[in-house]
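Thanks for sending this one over. Here are a few notes to read alongside the coordinates.

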Amino acid sequence: MERTPALKPLLLLDLDGVLRALPPLPPEIAEIAFEPTLLHRAVTGEITDEQWRQEVGPGFEATPGEVITEALTLVRAARRHCFVALLSNATTRLEADLARLGLDAEFDAIFNSARLGVAKPDPVIFRRVLDELGHQTAVFCDDTEENVSAAREAGLDGVHVPDTAALRTALAVRGLIPPTVLLILPDRDEAEELAQELLADGWGPCAVHRDMLAGEDDAEDVDWVIELTTAPDGTPASAHRDRLDEVAERHEGFTGEP
């Protein structure tokens with residue numbers, strides 16, 4: 001009997017505050033633009049982005065913002081293991097912004113509230129996305145707690161991620177990014193000594209590998225790599241990347257991935 005292939009885990013991500021940073025608006029403009037009724041009309045597609053800006057008035061310029069590069073790196077890593085979709089409360093300009101930022105090809109699916117006619121935190125939006133993608137649940141990451149609570153009510157694994165470190169931890173502990181971090185140091189003795197210190201602290205496996213630089217013939221031109229997969233608290237080492245970055249820098253090294 002032929003079986004239907006198992007679906008990859010589904011990861012839903014918010015855009016603003018998670019993958020994109022927008023410049024702050026002057027208070028007098030923000031007060032009008034984010035007035036709840038007007039904002040709801042804009043993000044549910046009742047009015048276009050152009051109409052929204054006209055109602056706000058002069059000084060409300062359209063900007064695509066900037067990509068949070070570290071978060072994008074996490075998205076790319078997660079996409080190797082799961083289906084990654086964007087779920088954003090946005091206006092009719094979202095698709096153009098994503099194209100300008102080069103983000104339009106970084107997701108397996110894109111859901112814009114203005115196209116769906118419903119916005120977070122309405123639980124309906126989560127159920128519609130799950131139905132369209134054929135999933136029963138998903139991991140949902142958002143920087144707004146109200147949206148996260150609504151996702152949980154709809155049966156998703158909602159995670160509040162106020163910054164990129166929180167996003168990394170959320171993905172690591174759920175197995176959506178690889179657990180291993182490599183500490184890469186220039187000196188063998190220092191690498192072996194640090195590996196012993198980390199092992200004593202509860203990190204594992206702390207194996208040291210010799211890594212010759214690609215394309216180099218000089219056997220002296222090598223790095224020494226400490227492999228870390230599990231942190232002392234039992235979570236994946238990748239959930240503690242910021243801490244390991246600091247450790248590597250203290251030893252004139254850097255971190256990497258397998």
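1. Is Glu252 buried or exposed? Please keep in mind that this is a predicted model. Glu252 counts as exposed, because its relative accessibility is 69% and the cut-off for that class is over 50%. Its place is the loop between α11 (241-250) and β11 (254-256). I would look at the backbone here too: Glu252 is not a glycine, yet its phi is positive, near 60 degrees. Most residues other than glycine have a negative phi, and most peptide bonds are trans.

2. Cys206 also deserves a look, with a positive phi of about 60 degrees in a residue that is not a glycine. Cys206 sits in strand β9 and counts as buried, because its relative accessibility is 8%, where buried means under 20%.

3. Pro205 belongs to strand β9 (residues 204-212).

4. Another cis bond runs from Lys120 to Pro121, with omega near 15 degrees. Pro121 is in the loop that links α6 (113-116) and α7 (123-133).

5. Now to the largest pocket, which holds about 860 Å³ of space. Its lining has 35 residues, and those nearest the centre are Asp16, Leu22, Phe34, Trp52 and Asn89. By type, the lining splits into 15 nonpolar, twelve charged and eight polar residues.

6. Which helix gives the most to that lining? The answer is α2, with four residues. At least two residues each come from α2 (36-43), α3 (49-56), α5 (94-101) and α8 (145-153).

How values were computed
Residues are numbered from 1 along each chain as its sequence is written. This is a predicted model: local features need pLDDT of at least 70, side-chain atom pairs count only at pLDDT 80 or more; totals for chains, interfaces and linings use all residues. Side-chain values use heavy atoms; hydrogens and water are left out. On a 1 Å grid over the protein atoms alone, a cavity is a set of points where a 1.4 Å probe fits but cannot get out, and a pocket is an open set with protein on both sides within 12 Å along at least five of seven lines; lining residues have an atom within 4 Å of a point. Grid points are joined across faces, edges and corners, and a volume is the space filled by probe spheres set on the points. Ala, Val, Leu, Ile, Met, Phe, Trp, Tyr, Cys and Pro count as nonpolar, Asp, Glu, Lys and Arg as charged, and the others, Gly among them, as polar. Buried means under 20% relative accessible area, exposed over 50%, partly exposed in between (1.4 Å probe, protein chains only).
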